[in-house]
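Morning, everyone. I have one model to walk through today. Please take a look at the screen.

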Amino acid sequence: MLTSSAIDHTLLKQDATLKQLDQLCTEAVEHKFATVCIQPCHVKYVADKYSVRVCTVIGFPLGATTTQTKLYECQQALNDGAHDIDMVINIGKIKDGDFAYVQNEIEQLAKLVHSSGENKILKVIIETCLLNENEKQKLCQIVGDAGADFIKTSTGFSTGGATLDDIKLLRQYSPNNVQVKASGGIRDSHFARELIQAGATRLGTSSGVALMKDIPSTSVY
């Protein structure tokens, strides 16, 4: 079921302005979106000014910073008022077969996020467009074992975004306590509904307002 509460209203453009952030947050309040998803440098501005749940990104978009760098970035974001942390894994480590590195990194971020207060959430971006089926399946288990709350398809800055097949795979192979977030290329309500039906419980999109205008005011299958 597609509702506004399933949407992370997103603005991650490099040239995002405060005026655009104000509009994003106003829309989020009006439509009751789950969060606003913004760059770390804007977290404090939004948290201080608006009564919205704030999501931000860590190690974004490449995931290639060190674990210590991600931890520092995450801690600052939490201090600034972030509620949801969407971290990017180190894709190169996956290609090298070093799944232990990736699991350890997720575990450290999960511990930091969950120890910072109630209702804090860690989502793990695995960049599905760069992975093969076996890698995706392994990561479903790793994300669950590491204690994260969501597995997320995409940054929206790579070679592809969310697909129905990937959502079905992530839902099939992830533990029941791990939810699935679809992101990247979600621009119309028909595709959004299909993603929800395939197993996603959260959608990351910059087109949240357009999606809401395209469906009844409550919900639709």
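Predicted model: local features only at pLDDT ≥ 70, side-chain atom pairs only at ≥ 80, totals over all residues.

Ground rules first. Residues are numbered from 1 along each chain as its sequence is written, and side-chain values use heavy atoms, with hydrogens and water left out.

Start with the annotation. UniProt, in an unreviewed entry, places the feature "active site" at Lys152 and Lys181. Those positions are in the numbering used here, the feature names are shortened, and annotations may be inferred rather than shown by experiment. The two residues are spread over 30 residues of sequence, yet they cluster in space, with a largest C-alpha distance of 4.5 Å. The lining of the largest pocket includes Lys152 and Lys181. A pocket here comes from a 1 Å grid over the protein atoms alone: it is an open set of points with protein on both sides within 12 Å along at least five of seven lines, and lining residues have an atom within 4 Å of a point.

Now Lys152 itself. Lys152 sits in strand 6, residues 150-152. Helices (H or I, at least four residues) and strands (E, at least two) are DSSP runs, numbered from the N terminus. Is Lys152 buried or exposed? Lys152 counts as buried, because its relative accessibility is 3%. The cut-offs are under 20% relative accessible area for buried, over 50% for exposed, and partly exposed in between, with a 1.4 Å probe and protein chains only. What does Lys152 touch, leaving aside its neighbours within four places in sequence? Its contacts are Asp86, Val124, Ile125, Ile126, Glu127, Lys181 and Ser183. Contact means heavy atoms within 4.5 Å.

Next, the helix pair. Two packed helices are described by the angle between their axes and the distance between the axes. Helix 5 is residues 99-114 and helix 6 is residues 133-145; they pack at about 35 degrees, with axes 9 Å apart. Axes are lines fitted to C-alpha atoms, for helices over the stretch in contact, and angles run from 0 to 180 degrees between N-to-C directions. Helix 5 provides Phe99, Val102, Gln103, Ile106 and Glu107 to the contact, and helix 6 provides Glu135, Lys138, Leu139, Ile142, Val143 and Asp145. By class, that is six nonpolar, one polar and four charged residues. Ala, Val, Leu, Ile, Met, Phe, Trp, Tyr, Cys and Pro count as nonpolar, Asp, Glu, Lys and Arg as charged, and the others, Gly among them, as polar.

One residue from that contact deserves a slide. Glu135 is in helix 6. Glu135 counts as buried because its relative accessible area is 8%. Leaving aside neighbours within four places in sequence, Glu135 is in contact with Ile94, Lys95, Phe99 and Leu130.

On to the backbone. Most residues other than glycine have a negative phi, and most peptide bonds are trans. Phe60 and Pro61 are joined by a cis peptide bond, with omega about 0 degrees. Pro61 is in the loop between strand 3 (54-58) and helix 3 (67-80). Lys32 is not a glycine, but has a positive phi of about 60 degrees. Lys32 lies in the loop between helix 1 (18-31) and strand 2 (35-38). Lys32 counts as exposed because its relative accessibility is 60%. Asn119 also is not a glycine, and its phi is positive at about 65 degrees. Asn119 is in the loop between helix 5 and strand 5 (121-125). Asn119 is exposed, with a relative accessible area of 60%.

Last, some distances. Glu118 is in the loop between helix 5 and strand 5. Glu118 is exposed at 72% relative accessible area. The C-alpha atoms of Glu118 and His83 are 35 residues apart along the chain and separated by 9.2 Å. For Glu135 and His83, 52 residues apart along the chain, the C-alpha separation is 29 Å. Over in helix 1 we find Glu30. Glu30 counts as exposed at 55% relative accessibility. Its C-alpha atom is separated by 30 Å from that of Gly160, 130 residues away along the chain.

That's my tour. Over to you.

Technical notes:
1 Å grid on protein atoms, 1.4 Å probe; cavity = no way out; pocket = protein on both sides within 12 Å on 5 of 7 lines; lining within 4 Å.
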